[in-house]
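Trainee: Could you take me through one part of this model in detail? I would like to look closely at a single chain and the partners it touches.

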Amino acid sequence: MKKFSLILAILLCAILLLNGCGTETGDNGDSPGEEPGEENGEEMVLTFNVGTEPETMDPHLSTGVPEATMMLQMYEGLARLNVNSVPELALAESVDVSEDDLVYTFHLRDGLVWSNGEPLTAEDFELSWKRALDPELAADYAYMLYYIKGAEAYNTGTGSVDDVMVEALDDKTLQVTLEAPTPFFMSLVAFKTYYPLYQPAIEEDPEGWHLSADTIIGNGPFNLVSWAQGQMEFIPNDNYYDADAVILDRLIFTMVENESTELTMFETGEIDMTHTVPGPEIPRLEQTGELNILPYLGTYYYIFQVEKPPLDDINVRKALTLAIDREALVTNVTQGGQLPAFAYVPPGIPEADGSDFRENGGDYYSYDPETAKQLLAEAGYPDGAGFPSVEILYNTSEMHKMIAEAIQEMWKQNLGIENVTLTNQEWGVYLNTRDEGDFMIARAGWIGDYLDPYTFLDMWLTDGGNNNSRFSNADYDRLLAEVRMLDDEVTRMEMMHQLEDILMEEMPICPIYYYTQPIMVKSYVKGYASIAVGGIDFKTAYVEE
Amino acid sequence: MLGYLIRRIFSALFAILIVITVTFIFMHAIPGGPFQSEKAIPPAIKANIEARYKLDQPLHIQYVDYLSHVVRGDLGPSFKYRGQTVNGIIAERFPVSMQLGLMTFAIAIIAGVGAGIIAALYQGRIPDYVTMFFSTIGISVPSFILGTLLMYFLAFKWGLLPAAMWGTPQHVIMPAMALAGLPTAFIARLTRSSMLDVLNQDYMRTALAKGLPRWRIIWVHAVKNAIIPVITYSGPLLAAILTGSFIVENIFAIPGLGKHFVTSIYNRDYTVILGLTIFYSILLIGLNMFVDFAYTLVDPRIKLTGGKE
Amino acid sequence: MQYPKELFIPLAEKAVHTDIVRPSITYWQDAWRRLKKNPVAMVSMVFIILLIIFALFGPYFSSYSYSDQDFDRRNQGPNSEHLFGTDSLGRDQLVRVMHGARISLAVGFVAAITTFFFGVFYGGISGYLGGRADNLMMRIVDILYSIPFLLWVIMLMVLFRELFPATGGGAGLYSIFLALGLVFWLPMARIVRGQILTLKEQEFALAAQTIGAPRWKILFRHLIPNAMGPIIVTATLSIPEAIFTEAFLSFIGLGVSAPRASWGMLSSDALTSLRSFPHLLLFPALAICLTLLAFNFLGDGLRDALDPRMRK
């Protein structure tokens with residue numbers, strides 16, 4: 001028995017020692033969650049829970065929204081999106097666009113430097129964009145650069161890097177030639193795949209330069225000073241050209257994934273802002289006045305697999321769409337301030353005259369159980385009689401499940417359809433099932449990449465990579481091709497309204513709601529900018545005493 | 001004994017090879033791949049990525065290639081966490097999980113064995129019912145409920161501890177309690193029942209009849225023999241809690257290894273799945289080997305080397 | 001010293017065995033007699049029987065079904081119309097708990113039974129044979145332990161969709177049983193094997209062997225009954241583990257499909273709204289705890305009743 005006690009004793013000592021180490025490493029910075037002004041002297045600290053660990057801190061490789069938020073603080077491109085997701089010139093002081101809208105000449109600001117003080121030149125842009133296109137790097141978002149002439153050819157291995165039409169004319173001038181007129185190109189240059197990267201760091205360690213706060217060199221409002229134990233700390237970048245606009249002394253990102261934990265930390269004051277809110281708690285949190293509903297450019301919808309009976313019948317698709325009470329769904333089930341969707345393209349996209357694309361397009365349908373019943377009868381299923389068994393496919397999530405349960409019940413009540421089954425699949429399996437078209441009705445969501453209806457409409461091209469409904473319409477395809485080559489903003493928007501008309505007439509999808517991003521923010525947090533196409537910008541954020 | 005040890009190590013290596021092979025087949029058999037997302041990547045870009053990670057090669061070549069790296073101790077790059085290696089992920093995160101796991105293990109063994117002994121000695125009396133009541137609650141409340149409740153009361157209601165995150169000793173307390181709940185309760189019940197088995201044995205009665213001091217009998221004979229099932233359970237328990245718990249790490253936002261055991265499968269991050277499986281199986285098989293040797297220390301009559309013929 | 005041969009009278013072959021083992025009928029009768037004398041165990045047994053009746057017939061006495069929604073009565077606390085309150089879609093929680101009992105009890109039973117029979121059998125043989133056979137059998141256990149459970153589960157999920165396309169959840173529960181059956185007996189096998197390793201070296205086992213009792217009889221009549229304590233503890237542990245594993249499996253898409261929900265599912269769904277609506281967690285969690293208490297006290301009673309040393 002002595003041996004046993006000895007082992008125990010050793011074990012205990014080991015634990016104490018290990019914990020000791022933990023203490024030392026944990027105390028070298030300011031702990032998160034301390035109230036501003038307390039203990040830190042006059043330091044102004046803001047703690048935001050970004051919600052997850054980054055998949056990668058390489059802006060060219062990253063794809064997610066949390067990463068976009070991290071990069072927004074550390075990097076800046078030729079343009080930067082403002083709070084309305086509209087691009088404003090940033091590192092570029094001015095831009096000349098050729099008559100045919102194909103050649104953009106950017107003039108950089110004077111005296112731009114990296115966070116380490118080295119000069120930032122037009123050549124950095126050229127090299128960085130070419131790096132993002134390098135097939136060896138194999139970046140997911142390389143296609144965001146395909147608008148540049150020669151880019152797609154180089155990235156797909158059919159062209160040379162020298163034919164990519166981006167060129168540094170001198171230290172301060174960058175010239176870009178596009179494949180076709182691209183009205184949203186200024187939004188694109190604000191995107192992370194278009195960020196300049198500090199080349200010497202990449203050359204030194206091409207794989208791992210972005211793994212440590214020590215080796216990441218940025219050019220944005222903040223510098224990453226530490227990244228360990230599920231937490232990132234930023235301090236203002238003194239070398240940033242607009243450093244005076246930065247008010248915070250320290251910005252902390254925590255990486256708590258669990259929504260309930262996040263909320264508890266917010267309520268105990270350990271964090272100042274959350275990245276989401278658990279749906280069922282929203283009614284209670286609304287009363288605190290700290291619930292903020294941020295815009296988020298996206299639509300939640302159901303896809304009908306139009307090749308599978310009975311969904312090949314347009315009347316069935318319409319009946320199912322009209323029989324969903326979206327108002328009840330968003331007020332009772334999702335509860336996060338989502339907007340019921342009576343069309344496909346979400347609100348928030350400005351047209352040429354500044355008016356909203358959605359407002360101009362209007363609603364395409366409403367909640368109308370009577371018409372739905374008629375349509376179903378026309379399709380040959382009066383009161384749901386003889387309606388074949390249909391399946392709603394969704395990926396694992398409590399919210400998707402609740403929405404599907406509610407819709408199942410609505411179809412039962414409004415249409416008399418009894419045999420709707422719900423199938424829940426693990427993410428990878430679900431994506432595969434959707435891609436193979438091995439489903440009847442599937443839940444889906446689409447978040448816009450940039451502020452233009454095209455980012456929502458081009459996916460319904462016949463045989464498009466994301467067209468899981470197998471929808472195919474010659475008029476639609478033709479119009480899409482025309483829009484792609486069009487330069488005139490007014491006609492372009494008109495044609496996109498026509499595209500949406502076709503989509504909503506054929507109804508291969510059943511829009512349910514427009515996304516929002518409900519978050520909790522302490523009332524003393526001011527000046528942050530939430531960008532609808534992804535990310536929160538803390539450049540001008542501050543804490544009100 | 002040396003022959004046995006060699007045979008044991010050899011069979012362990014063979015077992016690990018089977019684990020790798022089966023896992024490799026399974027993960028390629030299930031639908032989905034590492035570079036799939038809600039937004040389909042253009043096929044040309046997908047081809048670039050697959051070429052980069054040699055996923056465009058036939059499976060048997062990938063398999064042989066992977067094994068040749070594993071033999072050299074290289075578990076390969078992660079597909080999802082681009083730029084990171086599996087070795088790097090384990091090196092960064094295992095210490096966190098291990099620290100929490102050892103703490104949990106110590107609580108479970110000390111509290112569990114202690115409670116079990118007390119319950120057995122007072123069989124059918126108040127201390128027995130009280131410990132068994134709590135240990136039943138302990139095994140019927142899973143860590144995700146226990147963790148949430150602990151956080152609600154200790155962090156939110158009473159403000160005694162930080163709700164989540166990692167770095168200071170205070171951060172260890174709640175997750176360790178949440179993790180230790182079930183094993184403590186189970187060990188207590190296991191100890192109690194095997195203690196009772198031992199206490200009723202003839203040699204115990206003899207020892208008591210000889211008038212040896214009661215505590216000495218309990219310590220030297222009863223606990224020693226009753227500890228065998230606890231030792232058995234400790235092997236897989238340690239392997240599991242040292243490698244972290246997905247649920248508890250998620251609730252308490254702990255940057256440990258447990259998360260990757262689950263997310264790597266959701267992400268179809270092939271190298272991470274395999275690397276962690278190998279890591280875990282080495283730990284498990286090693287600890288089970290250690291458990292077998294511990295048997296012979298506790299009860300020298302136990303023979304591992306051969307059958308009874 | 002010389003002993004006259006006549007002093008040695010050979011024993012009749014039969015007498016040897018019958019003296020060591022009493023007829024098995026009396027063993028079980030004896031156990032039942034002792035179990036009846038244990039009030040805590042009997043109360044637990046009655047509770048479990050009532051629970052099964054509640055699960056099977058309860059839903060027929062309710063005016064609601066587990067899927068009926070009422071958006072005007074969402075998240076209500078317990079009241080006279082809905083004794084357990086309503087959930088976030090306005091469904092009656094009592095009916096959902098009753099329905100959940102069917103799934104959770106079925107899962108718990110199946111897990112406990114496979115654990116009990118297969119785990120004990122496998123572990124017993126491994127420990128008793130020892131040596132190379134033991135090494136082989138335990139490495140198989142190690143291998144099954146090591147292959148990620150989630151991979152098994154996804155494999156099964158895909159397989160079941162291939163085999164039974166568009167089932168309304170009929171195959172769902174079987175897929176859960178299969179997933180649980182694959183791994184749930186592993187801890188039991190190891191525990192039993194560890195016990196047998198030490199028990200087989202003890203005097204009574206050696207004695208039985210010396211007088212030539214057949215090997216299977218030594219194992220199943222002498223060794224395993226002596227390990228019954230840890231066996232029952234392990235088997236009862238597998239019930240809550242199975243109930244919560246089922247919740248996890250259903251969550252990721254194996255098993256019964258929504259809107260049907262098990263206890264485990266009901267309690268894990270309730271966690272996100274714990275702060276606002278604690279009653280949603282309270283009832284399913286309480287149901288699990290009470291059921292477990294009953295199973296454990298019954299298990300303890302069984303252990304005492306089956307203990308060969310407690311026989312009088």
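Mentor: Start with the contact between chain A and chain B. About 5,000 Å² is buried between chain A and chain B, and carbon and sulfur atoms give 60% of that area. Keep in mind that this is a predicted model. Chain A puts 64 residues into the contact, and chain B puts in 51 residues.

Now the charges. Eight salt bridges cross the interface of chain A and chain B. One of them pairs B:Arg52 with A:Glu207, whose closest N and O atoms lie 2.4 Å apart. Polar contacts between chain A and chain B come to 18 residue pairs, counting pairs with both residues at pLDDT 80 or more.

Which elements of chain A give two or more residues to the side that touches chain B? They are helix H1 (2–26), helix H7 (259–267), helix H14 (427–435) and strand S15 (441–447). H1(A) supplies the largest share, eleven residues. Sorted by class, the side of chain A that touches chain B holds 26 nonpolar, 23 polar and 15 charged residues.

Next, chain B itself. Chain B has twelve helices and zero strands. Chain B has 309 residues, and 60% of them are buried. Take the contacts in chain B between residues at least 6 apart in sequence: 74% of these join residues at least 24 apart. Chain B exposes about 12,000 Å², with carbon and sulfur atoms supplying 71%.

Then turn to chain C. Here 69 residues of chain B are in contact with 61 residues of chain C. The area buried between chain C and chain B is about 6,000 Å². Carbon and sulfur atoms give 66% of that area.

How many salt bridges cross the interface of chain C and chain B? The rule finds one. C:Arg193 and B:Asp292 meet in a salt bridge, 2.7 Å from N to O. Five residue pairs are in polar contact across the interface of chain C and chain B, both residues of each pair being at pLDDT 80 or more. Helix H11 (residues 228–252) of chain C gives the most to the side that touches chain B, with ten residues. That side of chain C divides into 31 nonpolar, 14 polar and 16 charged residues.

Notes
Residues are numbered from 1 along each chain as its sequence is written. Chains are lettered from A and ligands numbered from 1 in the order in which they are written. This is a predicted model: local features need pLDDT of at least 70, side-chain atom pairs count only at pLDDT 80 or more; totals for chains, interfaces and linings use all residues. Side-chain values use heavy atoms; hydrogens and water are left out. Contact means heavy atoms within 4.5 Å. Buried area is the accessible area (1.4 Å probe) that two parts lose on being put together, summed over both. A salt bridge is a side-chain nitrogen of Lys or Arg within 4 Å of a carboxyl oxygen of Asp or Glu. A polar contact is a pair of N or O atoms within 3.5 Å; within protein, one must be able to donate a hydrogen and the other to accept it, and residues adjacent in sequence count only if both atoms are side-chain atoms. Helices (H or I, at least four residues) and strands (E, at least two) are DSSP runs, numbered from the N terminus. Ala, Val, Leu, Ile, Met, Phe, Trp, Tyr, Cys and Pro count as nonpolar, Asp, Glu, Lys and Arg as charged, and the others, Gly among them, as polar. Buried means under 20% relative accessible area, exposed over 50%, partly exposed in between (1.4 Å probe, protein chains only). Accessible areas come from the Shrake-Rupley method with a 1.4 Å probe; for residues, only the protein chains shown count as cover.
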